[in-house]
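User: I am new to this structure and would like to know what the terms used for it rest on. Please take them one at a time.

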Amino acid sequence: MLNQSKTIAYYHLPGLFEFYDLYSAFLPLFKNHREYFYDWCDIASIYGAPADCIWGGGRAGFGNANPKEVFMLMQEYNISARLTFSNSLLKEEHLTDKRCNDICALFEKSNVQPGVIIHSDLLSDYLESRYSAFYQVSSTTKVLTSFVDFKAELNRAVFRYVVPDFRLNKKFEELNSLSQVQKDKVEFLCNECCNFACKDRKACYENVSRKNLGEDVEEHICSSVEAAHGYSFSRAMKNPAFISVNDILNVYLPMGFSNFKIEGRGLGSAIILEFLLYYMTKPEYQINVREEIYLDSMLDLF
């Protein structure tokens, strides 16, 4: 397959509602001090879900930022807002939820096309018919570990992007066999810390879906021996599926891929800042960005 080498990596960042304060401090830096940041990358979207949204999935919602303020921030910096509505267990009666519909009605007015990250085909059909302003993203919560299944998902016209399971990240022979149209729809999850051999991801995501629906369920207990340690960026870097800055520049962009998702909605703002420093900030300017963020007395990083 002849590759159409790409020159810009588009990042999809976590915490639209969860890390509003952090982005309120970071986005002005990114706009006004572009010399701090790599010229080969840009922010394509910021994703997340507000608290108490039953359509939410992936992580139990805890984004407490005011949706109207979030909307205005994304408008100010011309960034696509993505609603993470990847609950896998939705039923017909859930589609009329007022809070979720109000959020969609607000964000569909954006000057920059908004997106929605989806698992449920039921919700996909509903949004396509009622809120057609949104583009749709096939969620990694589908756990598409089979390349055949992943390719079939890429061929679904309803999705502008598809996020494969992180264990497909290094399937280079198969990835390189994709057409350029398919490659343009692939959005790689870069920094997953989950055990590469994990067999519980579907069960874990289903547990979160049940929580967001308000069901009284026990906490999912991960069977991985590493689970007790929580998320660690240094450990994620050792994951066989980890996509580094060098990988993006020297492997994925030349192969014709350009979309990269950074996970972290369930983490703290301090570690999100570390992701922004690693993936976007020139090493010689990382101290400048740190100082600007740390000196913002209104931002509680720890």
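User: Where is Asn78 found?

Analyst: This is a predicted model. In it, Asn78 is found in the loop between H2 and E3.

User: What makes Asn78 count as exposed?

Analyst: Exposed means a relative accessible area over 50%. Asn78 has 55% relative accessibility, so it counts as exposed. Its phi is also positive, at about 55°, although Asn78 is not a glycine.

User: Where is Asp52 found, and is it buried or exposed?

Analyst: Asp52 is found in the loop between E2 and H2. Its relative accessible area is 66%, and the cut-off for exposed is over 50%, so Asp52 is exposed. Asp52 also has a positive phi, near 65°, in a residue other than glycine.

User: Why is Thr281 called buried?

Analyst: Buried means under 20% relative accessible area. Thr281 has 0% relative accessibility, so it counts as buried. Thr281 is found in the loop between helix H11 (269-280) and helix H12 (286-294).

User: Which residues does Thr281 touch?

Analyst: Not counting residues up to four places away in sequence, Thr281 touches Tyr36, Phe37, Tyr38, Leu276, Gln286 and Val289.

User: What joins the side chains of Ser45 and His12?

Analyst: A polar contact of 2.8 Å joins them. A polar contact needs N or O atoms within 3.5 Å, and one must be able to donate a hydrogen and the other to accept it. His12 is also among the residues that Ser45 touches, together with Tyr11, Leu13, Ile79, Ser80, Arg82 and Tyr135, when residues up to four places away in sequence are not counted.

User: Why is E1 described as largely enclosed by the rest of the structure?

Analyst: Because five of the six residues of E1 are buried.

User: How do you know that E1 pairs with E2 and with E8?

Analyst: Two strands pair if there are at least two bridges between them. Six bridges join E1 to E2, and these two strands run parallel. Three bridges join strand E1 (residues 9-14) to strand E8 (residues 259-261), which also run parallel. Each count meets the requirement, so E1 pairs with E2 and with E8.

User: Which residues stand opposite each other in these pairs?

Analyst: On the E2 side, Leu13 stands opposite Ile46. On the E8 side, Tyr10 stands opposite Asn259, and the bridge partner of Tyr11 is Phe260.

User: What makes E6 and E7 the edge strands?

Analyst: Eight strands form an open sheet with parallel pairing, in the order E6-E5-E4-E3-E2-E1-E8-E7. Strand E6 (159-162) and strand E7 (187-189) are its edge strands, and each pairs on one side only. Neighbouring strands of this sheet are turned by 30° against each other on average, direction ignored.

User: What kind of unit do E1, helix H1 and E2 make?

Analyst: E1, helix H1 (residues 20-32) and E2 make a right-handed β-α-β unit. The term right-handed applies if, with the strands pointing away from the viewer, the path from the first strand over the helix to the second runs clockwise.

User: What makes Asp97 a cap of H3?

Analyst: Asp97 has a side-chain oxygen 3.3 Å from the backbone nitrogen of Arg99, and it caps the N-terminal end of H3. The limit for a polar contact is within 3.5 Å.

User: Which residues of H3 are buried, and what do they pack against?

Analyst: In helix H3 (residues 98-107), the buried residues are Cys100, Asn101, Ile103, Cys104, Leu106 and Phe107. They pack against helix H2 (67-76), strand E3 (80-85) and helix H4 (121-130).

User: How many helices and strands are there, and what share of the residues is buried?

Analyst: The protein chain has 12 helices and eight strands. Of its 302 residues, 55% count as buried.

Notes:
Residues are numbered from 1 along each chain as its sequence is written. This is a predicted model: local features need pLDDT of at least 70, side-chain atom pairs count only at pLDDT 80 or more; totals for chains, interfaces and linings use all residues. Side-chain values use heavy atoms; hydrogens and water are left out. Helices (H or I, at least four residues) and strands (E, at least two) are DSSP runs, numbered from the N terminus. Buried means under 20% relative accessible area, exposed over 50%, partly exposed in between (1.4 Å probe, protein chains only). Contact means heavy atoms within 4.5 Å. Axes are lines fitted to C-alpha atoms, for helices over the stretch in contact, and angles run from 0 to 180 degrees between N-to-C directions.
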